[in-house]
Amino acid sequence: MALALAGAFLLTLGAVIGANALVVISASGEDTKDVAKLRHAQVALVLGAQVQPDGRMSAMLADRVSQALALWRAGKVDRVLVSGDHRRWAYDEPGTMRNALLAAGVPASAIFTDHAGFNTWASMVRARKVFDVKSAIVVTQGFHMARALYLARAAGLSAQGLDSDLRGYGAQGTKSDLREVLARVKAVGDGAIGSHVLLGPQIPITGDGRASWGPPPPGGTSAPASVPQER
């Protein structure tokens, strides 16, 4: 029994190490913190992160939005696609990001919202199949970047990455680093089997972004407010 358990442990450990190596190596050299080094792409694909109960962006999300704004101002992208969790009217990652970009001067027509980017794989598949994105600059933190780029390519996107580590993230950063070890294993599985993703009508990225914003919230539900970046 002990020998069998030891064998199972070693196999599991090997699978975890192998999956992490595959994801990290496949994305090597395709991300940077320097906007000037990036090639022009159709979109900045900004991945969602936590929105606080009071509507403020978490530090990680605020930094992603800040980097997306830098890409837009540098002329590196033609559109911005914000993708995140909006399972409930009261919790809206893409709407919060969109409103922050609007407040910073990005034209409404250039901002697309993906309200069903429930995880990284869904964001990538929907970018390709719903929004007809072909090339993207993925905007997220460094701990997440290798997995994001791996899944972007598995979904058929030509992808580069802009790291959004503009500060330290304390305990949340440590937790995210640890979680990523197992998340990369899942990513390899998602890419290999093409895990199911909720799709819907096509909203071409070449059109007007406002077509993707969806209906207003129902009566009595507050829309996400424009929020300042945390410092």
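So, how many helices and strands does the protein have? There are 6 helices and 6 strands, where a helix is a DSSP run of H or I with at least four residues, a strand is a run of E with at least two, and both are numbered from the N terminus.

Quick housekeeping. This is a predicted model, where local features need pLDDT of at least 70 and side-chain atom pairs count only at pLDDT 80 or more, while totals for chains, interfaces and linings use all residues. Residues are numbered from 1 along each chain as its sequence is written, and side-chain values use heavy atoms, with hydrogens and water left out.

Okay, walk along the chain with me. Starting at the N terminus, the elements go α-β-β-α-β-α-β-α-β-α-β-α.

Now the sheet. The 6 strands make an open sheet, ordered β1-β6-β5-β2-β3-β4, and the pairing is parallel. Two strands pair here if DSSP finds at least two bridges between them. At the edges you'll find β1 (31–32) and β4 (111–114), each with a single partner strand, so one side of each has no neighbour in the sheet. Take β1: its parallel pairing with strand β6 (residues 158–163) runs over 2 bridges, and Asp31 has Gly161 in β6 as its bridge partner.

Next, have a look at strand β2 (residues 41–47), which is parallel to β3 and joined to it by 6 bridges. Val46 sits opposite Val82 in β3. And why is β3 (residues 77–83) largely enclosed by the rest of the structure? Because 5 of its 7 residues are buried, meaning under 20% relative accessible area with a 1.4 Å probe, counting protein chains only. Across the protein, 48% of the 231 residues count as buried.

On to a helix pair. Helix α4 (residues 120–129) packs with helix α5 (residues 142–154) at an angle of about 40°, and their axes are 9 Å apart. Those axes are lines fitted to C-alpha atoms over the stretch in contact, and angles run from 0 to 180 degrees between N-to-C directions. Who touches whom? From α4 we have Thr120, Trp121 and Met124, meeting His144, Arg147, Ala148, Leu151, Ala152 and Ala154 in α5; contact means heavy atoms within 4.5 Å. By class, that contact has 6 nonpolar, 2 polar and 1 charged residues. Nonpolar covers Ala, Val, Leu, Ile, Met, Phe, Trp, Tyr, Cys and Pro, charged covers Asp, Glu, Lys and Arg, and the others, Gly among them, are polar.

Notes:
Buried means under 20% relative accessible area, exposed over 50%, partly exposed in between (1.4 Å probe, protein chains only).
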